[in-house]
Amino acid sequence: MKKIYIIHENKEWTTHLTTRLEELGLPYEEWHLDEGIVPLTEEPPEGVFYNRMSASSHTRDHRFAPELTGAVLAWLEHHGRKVLNGSRALQLELSKVNQYTALEKAGVRTPRTIAAVGKEHILQAAKRIGSASFITKHNRAGKGLGVQLFHSTASLEEYLYGPDFEEPVDGITLIQEYIQAPEPFITRCEFIGGKFMYAVQVDTSEGFELCPADACQIGDLFCPVGEEVEEKPKFRIVEGFADPIIEKYENFLQENEIQVAGIEFIRNSQGEIFTYDVNTNTNYNADAEKAAGKYGMLELAKLLGKELEHGIKEQKVY
């Protein structure tokens, strides 16, 4: 029997999806690819394959999960299997350099960025970026891990040669101009089937860990304001969000064969949009979705069901 195969390395991030698949009565199987084999001399099973491999897998002691997934995706695509978020999506998930060059090619503006390997070269990049304040980040990362804000090259040098420096897993550090937003939030646009679903506003006042998944949240999501206890959500879906950037994002996704993604941007004081992250392993915040009555994993499960049904009909025709 054909089924839906979910490729991942983090069970906590698939629970909401498998719950929805069960609600819809859809057959599925999880492929947890922290370790395994790829039987190149055999044909893969029939069905629909959805890649949810994460760039942050190494932070969960799954260092080679993305490389194993790359081999599996090559095997599946060679045999003509239907894959959502295939090899190109994985390539972008694992490299912000690849993300930024692909976004710029699609006419999407990104912050000025320099990639560097080696501490001396990171310092040179900071001096070259031409920005009073700048951010360092890992080329291959996730959840905003490794992001640091600096206001001088002297403070960067102290960090680089101090005990707190984090070596990127692929060795590449990015130096990026700091975009000063008039208010402390970023916007994340969610896409399913390559089409815009909703935009979520994320409060960044407490730092850069921006993953909206329930499992990524640290501490209390709600902050008391004033003397009265007023709930202020960290994640809030923006009703009626509309901006010309959405069409550019959809074109970008189509050009790069990405079906499911969350794309993050920030506005400067002039209202200009700078796009800085493409997450092809996108997650959703349960509280924000419940408040808005929109459910990403349900829509994703429906999409996977349609793809599975389409494949079964094609098989009957032939």
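User: What percentage of the 318 residues in the protein is buried?

Analyst: This is a predicted model, in which local features need pLDDT of at least 70 and side-chain atom pairs count only at pLDDT 80 or more, while totals for chains, interfaces and linings use all residues. Residues are numbered from 1 along each chain as its sequence is written, and side-chain values use heavy atoms, with hydrogens and water left out. Buried means under 20% relative accessible area, with a 1.4 Å probe and protein chains only. By that cut-off, the buried share of the 318 residues is 50%.

User: How many helices and strands does the protein have?

Analyst: Helices (H or I, at least four residues) and strands (E, at least two) are DSSP runs, numbered from the N terminus. The protein has 9 helices and 13 strands.

User: What is the strand order in the open sheet of 4 strands?

Analyst: Two strands pair if DSSP finds at least two bridges between them. Pairing in the open sheet is parallel, and the order is S2-S1-S3-S4.

User: Which are the edge strands?

Analyst: An edge strand here pairs on one side only. The two are strand S2 (28-32) and strand S4 (82-84).

User: Which helix packs on the sheet, touching S1, S2, S3 and S4?

Analyst: Contact means heavy atoms within 4.5 Å. Axes are lines fitted to C-alpha atoms, for helices over the stretch in contact, and angles run from 0 to 180 degrees between N-to-C directions. The helix direction makes about 150 degrees with that of S1. The helix is H2 (residues 65-78).
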